[in-house]
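Take a first look at the protein chain below. Then read on for a short tour of its parts.

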Amino acid sequence: AARHAARVGAAMWDDVLAFDPAAPVEVRFRWEPLGDHVLGYGGPTWFVIHPDLGPDLWPVGLANTLAGTDLNTATPEVIIGVNADLDWHLDPTSPPPADRPDLLTTILHELGHGLGFVSSLTIDSGGLDPALRLAFDRALLAETPTGPVPLAEVAVADRPAALTDALSVRLPDSTRWLLHTPSTLTPGSS
């Protein structure tokens, strides 16, 4: 049942990233004990600079999709860990009960991290790592009294507050999606 939920989640992302020609994005799933307070984790296995995509670092799964080719044929592009300690709702065709975490929703969330919804922001300082230049960092916007501005343009001292206030991501067509901004920023609170 867990494998079925993982396949459904992957197919949903595949539908969203319906590029032609399609390029493979291999995902390695791990079912492992993570304790009582973590649903899972996910991210790209590595980043790539591709001449067709500009100077930023791109998660290799998304870069595969945008470039239309498998840029790392030997390894998975995304890794996801799911907490084996929890009593999951496993059926992706029915709504989860209020007292159980939904595996499909968690997989969709973690696949998002693996495909590029990941930043070089640090929790302690709100600093963007200039050595990384992740593509997603350029799309992050902070809400200010004068309107949204690129997070990189917010004073470093003001970034921790911005991370717990209102952030959005600018899409290529200039629309914005609001991002989850927890009132207290802690590791794993994405």
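**The whole chain**

The model is predicted. Its secondary structure comes to 5 helices and 9 strands. From the N terminus on, the order of elements is α-β-β-β-β-α-β-α-α-β-β-α-β-β. The chain has 190 residues, and 37% of them are buried.

Strands can pair in two ways. In a sheet they are joined through backbone hydrogen bonds, either parallel or antiparallel.

Look at E2 and its partner, strand E5 (residues 78–83). These two pair in the antiparallel sense over 5 bridges. Within E5, Ile80 stands opposite Gly42.

**The sheet of 4 strands**

A further open sheet has 4 strands in the order E7-E6-E8-E9, with antiparallel pairing. Its edge strands are strand E7 (147–150) and strand E9 (176–178), and each pairs on one side only. Neighbouring strands of this sheet are turned by 40° against each other on average, direction ignored.

Here, strand E6 (residues 140–144) pairs with strand E8 (residues 167–170). The sense is antiparallel, over 3 bridges. Leu167 in E8 has Ala142 standing opposite.

| Strand pair | Sense | Bridges |
|---|---|---|
| E2 and E5 | antiparallel | 5 bridges |
| E6 and E8 | antiparallel | 3 bridges |

**A helix pair**

How are packed helices described? Helix H1 (residues 2–16) packs against helix H3 (residues 103–114) at an angle of about 45°. Their axes are 9 Å apart. H1 and H3 are therefore oblique to each other. Their crossing is right-handed.

Which residues meet there? From H1 come Ala2, Ala5, Ala6, Val8, Gly9, Ala10, Met12 and Trp13. From H3 come Leu103, Leu104, Ile107, Leu108, Leu111 and Gly112. By class, the contact of H1 with H3 has 12 nonpolar residues, 2 polar ones and no charged ones.

**Two residues up close**

Where does Asp52 sit? Its place is in the loop between strand E3 (47–48) and strand E4 (58–59). Is Asp52 buried or exposed? Its relative accessibility is 65%, so Asp52 counts as exposed. Ala63 is 11 residues away from Asp52 in sequence, and their C-alpha atoms are 9.6 Å apart.

Trp177 belongs to strand E9. Its relative accessibility is 48%, so Trp177 counts as partly exposed. Which residues does Trp177 touch, leaving aside its neighbours within four places in sequence? The contacts are Phe117, Leu167, Ser168, Val169 and Leu171. Leu140 is 37 residues from Trp177 along the chain, yet their C-alpha atoms are separated by 9.8 Å.

Definitions and conventions. Residues numbered from 1 in each chain as written. Predicted model: local features only at pLDDT ≥ 70, side-chain atom pairs only at ≥ 80, totals over all residues. Heavy atoms only, no water. Axes fitted to C-alpha atoms, helices over the stretch in contact; angles between N-to-C directions. Parallel < 35°, antiparallel > 145°, perpendicular 65-115°, else oblique. Left-handed = near helix turned anticlockwise from the far one by under 90°. Contact = heavy atoms within 4.5 Å. Nonpolar A, V, L, I, M, F, W, Y, C, P; charged D, E, K, R; others polar. Pairing = 2+ DSSP bridges. Buried < 20%, exposed > 50% of the residue type's maximum accessible area, 1.4 Å probe, protein only.
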